[in-house]
Amino acid sequence: MSRPRTPEPALDVQGDSPKGMRDEDNDDGTQHSHRMLNFSDALLSIIATVMILPVTHTEISPEQFDKNIQKLLATRIAVYLMTFLIVTVAWAAHTRLFQVVAKTDDTLALLNLACMMTITFLPFTFSLMVTFPEVALGILLFCVCVITIGAVQVLIVLYAFHFPHLLNPQIARSAHRALYRRHVLYIVLRGPALCFAAAGFSLFFYPASYLLMATVIFLPYIHKAASWCRRRLMGPREPPAHSVEVFSFDLQEPLSKERVEAFSDGVYAIVATLLILDICENNVPDAKDVAERFHGSLVAALSASGPRFLAYFGSFATVGLLWFAHHSLFLHVRKATQSMGLLNTLSLAFVGGLPLAYQQTSALARRPRDELESVRVSCAIIFFASVFQLAMWTAALLHGPDTLQPSARFGGGEHAFMLAKLALYPCASLLAFACTCFLSRFSVAIFHLTQVAVPFAFLLLRLLVRLALRLLRALPSLAGPAPDAQDAAARAPLLPAPC
């Protein structure tokens with residue numbers, strides 16, 4: 001009998017090659033892909049976030065804000081969330097692809113640019129989808145873009161495996177490169193294959209197209225659930241002789257913590273930038289208007305836009321503090337699990353909707369009913385953006401000690417403060433939503449002032465948590481020593497000294 005063969009070793013994290021190798025790589029025309037990945041991550045985070053613009057730029061007057069307009073907005077938000085998640089899946093696949101392709105040359109760089117060019121066309125197709133939701137052309141163009149992205153990634157895989165010196169060293173030295181190539185191509189082509197089917201359905205039954213496109217998002221989790229059910233029903237099966245299950249490109253494996261942080265920071269930065277772009281676009285007064293309406297007083301003209309400036313500062317404070325909570329969470333995270341990656345993606349999708357919340361509260365605050373409706377929309381967006389952060393921390397706690405630093409786990413010094421910090425925004429948004437239901441005097445101005453005051457609440461929260469922990473530690477000493485300890489101390493002089 002032949003000896004059982006061990007599976008291939010897990011891939012090293014990209015960038016672990018010795019420093020001296022970089023000069024040698026430059027000599028043969030190749031270089032490490034760090035800068036190209038940074039460019040791609042930044043571009044993908046921008047594309048994922050700016051797709052909220054067709055939703056925020058929906059022309060709605062206060063007279064039109066009825067049930068039909070609310071249904072239209074809800075439809076556009078749902079389509080935005082789906083396309084945001086699809087772009088996030090494309091980013092994850094791109095990141096994993098370049099964990100396999102450790103080095104790049106001019107050909108790979110140009111192929112990656114072709115992939116990025118196709119991705120930058122996605123916001124246009126999304127605009128068609130939200131403007132003409134019942135016309136198949138928008139869905140068809142979106143699916144064609146996804147298929148084209150998959151085709152370019154197939155070319156990258158074939159080219160890299162044709163020149164093994166571009167691959168990760170462990171794959172390049174492996175005797176089973178053909179198995180790796182087949183496994184990579186299978187994963188790369190799964191999403192485009194579903195989008196190809198969605199494009200076909202869009203020609204005669206477009207609702208099925210949205211269902212198939214949504215399947216692209218949850219396909220890794222469906223595959224994992226099916227594998228779990230198969231193991232439960234049929235028992236664990238023996239791995240094949242040349243297993244590639246440890247291959248880190250597999251979508252069941254979690255992304256690296258650094259890549260998740262980089263993409264998340266890009267989304268938060270773009271959302272903050274979109275807020276100030278709206279201020280620059282809509283709140284710089286016209287010179288003729290200043291001269292005629294405000295008698296040449298620029299201060300009076302800017303004062304008329306005071307509510308919009310208050311909305312900007314409140315919205316920016318919300319974006320900044322959500323990033324601060326995300327940053328604090330990942331300071332204590334050792335590795336991001338698959339469930340944490342999904343929850344982080346859902347949180348970022350709602351963070352991308354914060355420009356819509358700003359637009360609603362700054363533009364639809366002309367009548368009391370519209371004012372309260374816009375505040376409720378903002379509260380819902382903030383709640384889901386923050387509650388998924390709290391769920392991500394909960395998933396890290398439940399997963400095991402290898403996901404969090406000891407200080408953030410149960411009983412750690414930062415555990416109580418992290419819980420309070422991550423629970424602040426969900427509780428505050430629920431309270432504000434409740435106020436719109438029971439307080440008729442609650443207004444957009446009060447809501448934005450509350451947003452501006454939240455940073456001080458974070459500082460007060462830390463002081464209160466520290467004070468509460470000190471009081472809890474001081475309670476045992478204030479109660480005095482335990483009775484057993486007192487009896488032992490009293491009897492100690494009467495006992496004979498040990499021999």
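Biologist: Which residues in H18 do Ala317, Thr318, Leu321, Leu322, Phe324, Ala325, Ser328 and Leu329 in H14 meet?

Modeller: This is a predicted model, and in it helix H14 covers residues 306-331 while helix H18 covers residues 415-438. The listed residues of H14, from Ala317 to Leu329, have as their partners in H18 Met418, Lys421, Leu422 and Tyr425.

Biologist: How many residues of the contact of H14 with H18 are nonpolar, polar and charged?

Modeller: Lys421 is one of the residues of H18 in this contact, and Lys counts as charged. Thr318 and Ser328 take part from H14. The contact residues divide into 9 nonpolar, 2 polar and 1 charged.

Biologist: Is H14 roughly parallel or roughly antiparallel to H18?

Modeller: Two packed helices are described by the angle and the distance between their axes. Here the axes of H14 and H18 come within 10 Å and cross at roughly 150 degrees. Because angles over 145 degrees count as roughly antiparallel, H14 is, relative to H18, roughly antiparallel.

Biologist: Is the crossing of H14 and H18 left-handed or right-handed?

Modeller: The angle of roughly 150 degrees describes how the two axes cross. The handedness of the crossing of H14 and H18 is left-handed.

Biologist: What distance does helix H2 reach from its first C-alpha to its last?

Modeller: Helix H2 spans residues 34-50 and has 17 residues. At 1.5 Å a residue, the expected value is 24 Å, and the helix comes close to this. From first C-alpha to last, H2 reaches 24 Å.

Biologist: What percentage of the residues of the protein chain count as buried?

Modeller: In H2, the buried residues include Met36, Leu37 and Val50. The protein chain has 499 residues, and the share that counts as buried is 46%.

Key
Residues are numbered from 1 along each chain as its sequence is written. This is a predicted model: local features need pLDDT of at least 70, side-chain atom pairs count only at pLDDT 80 or more; totals for chains, interfaces and linings use all residues. Side-chain values use heavy atoms; hydrogens and water are left out. Axes are lines fitted to C-alpha atoms, for helices over the stretch in contact, and angles run from 0 to 180 degrees between N-to-C directions. Helices (H or I, at least four residues) and strands (E, at least two) are DSSP runs, numbered from the N terminus. Angles under 35 degrees count as roughly parallel, over 145 as roughly antiparallel, 65 to 115 as roughly perpendicular and the rest as oblique. A crossing is left-handed if the near helix is turned anticlockwise from the far one by less than a right angle, and right-handed if clockwise. Contact means heavy atoms within 4.5 Å. The expected span of a helix is 1.5 Å times one less than its number of residues. Buried means under 20% relative accessible area, exposed over 50%, partly exposed in between (1.4 Å probe, protein chains only).
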